[in-house]
Amino acid sequence: MEWVLQRSYFKTGTLGALFVNGKFNCFTIELSWRENRRNVSCIPEGRYEVKPRISNKFGNHLILVDVPQRSLILLHPANDALGELQGCIAPVSELSGIARGLHSRRALERLLVIHRDAVERQEAVYLTVTYNAHEYLRTLSKTHPAVFPHPAGGGD
């Protein structure tokens with residue numbers, strides 16, 4: 001089973017949209033990119049296997065396997081990346097700001113059900129983390145009008 005996380009990077013955090021088999025499932029919040037430094041950066045883009053995990057702190061949640069130079073990268077509930085994450089990913093039902101969201105436990109529960117169903121079918125689950133190309137091009141067009149000129153008489 002394929003999950004895709006399309007990210008948009010900001011100075012104060014990272015926002016994402018998580019798709020399961022091509023269909024939108026939830027949003028995500030993360031810390032900003034800080035060169036993959038432990039506890040202060042989101043993880044690098046790439047493809048990671050997703051496995052179930054249980055802990056006293058988060059209960060049932062998910063873990064990403066073989067993240068370069070990192071360990072214990074979890075998908076766990078959090079509504080404020082800066083206050084509650086140390087390099088992990090939090091699914092959220094709604095975005096409420098940069099690196100902030102609402103109803104994280106509800107979003108995680110949906111992912112846990114999807115993951116459990118895949119495991120019961122003996123399917124591995126993989127998460128591909130990538131940048132949001134649409135957001136990148138939109139930002140690039142605003143900063144480089146010679147490369148992406150606006151239509152005549154058009155604007156934003």
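S1 and S10 pair in the parallel sense, joined by six bridges. Within that pairing, Gln6 has Thr130 of S10 as its bridge partner. The model described here is a predicted one. On its other pairing, S10 runs antiparallel to S4, with five bridges between the two strands.

Eight strands make up an open sheet, and their order across it is S6-S5-S4-S10-S1-S2-S3-S7. The pairing in this sheet is mixed. S6 and S7, the latter spanning residues 90-92, are the edge strands, each pairing on one side only. On average, neighbouring strands of the sheet are turned by 35 degrees against each other, with direction ignored. In general, the strands of a sheet pair through backbone hydrogen bonds, in either a parallel or an antiparallel way. Further along the sheet, S2 and S3 (residues 23-30) run antiparallel and are joined by seven bridges. Thr14 stands opposite Glu30, which belongs to S3.

The sheet can now be placed in the chain as a whole. The protein chain contains three helices and 10 strands. Read from the N terminus, its elements follow the order β-β-β-β-β-β-α-β-β-β-α-β-α. The chain has 156 residues, of which 42% count as buried. Among contacts in the chain with a separation of 6 or more, 48% are between residues 24 or more positions apart.

Which residues does Leu64 contact once its neighbours within four places in sequence are left aside? They are Ile43, Tyr48, Glu49, Val50, Ile73, Leu75, Ile89 and Leu127.

Asn36 lies in the loop between S3 and S4. Is Asn36 buried or exposed? Its relative accessibility is 9%, so Asn36 counts as buried, the cut-off for this being under 20%. Residues up to four places away in sequence not counted, Asn36 touches Ser41, Cys42, Ile43, Pro44, Pro68, Gln69 and Arg70. With Pro68 there is also a polar contact: a polar atom of the Asn36 side chain lies 3.0 Å from the backbone oxygen of Pro68.

Two cysteines complete the picture. Cys26 has a relative accessible area of 1% and is therefore buried. Cys88 also counts as buried, because its relative accessibility is 7%. The structure holds zero disulfides.

Terms used: Residues numbered from 1 in each chain as written. Predicted model: local features only at pLDDT ≥ 70, side-chain atom pairs only at ≥ 80, totals over all residues. Heavy atoms only, no water. Disulfide = S-S within 2.5 Å. Buried < 20%, exposed > 50% of the residue type's maximum accessible area, 1.4 Å probe, protein only. Contact = heavy atoms within 4.5 Å. Pairing = 2+ DSSP bridges. Helix = DSSP H or I, 4+ residues; strand = E, 2+ residues; numbered from the N terminus. Axes fitted to C-alpha atoms, helices over the stretch in contact; angles between N-to-C directions. Polar contact = N/O pair within 3.5 Å; in protein donor to acceptor, adjacent residues only side chain to side chain.
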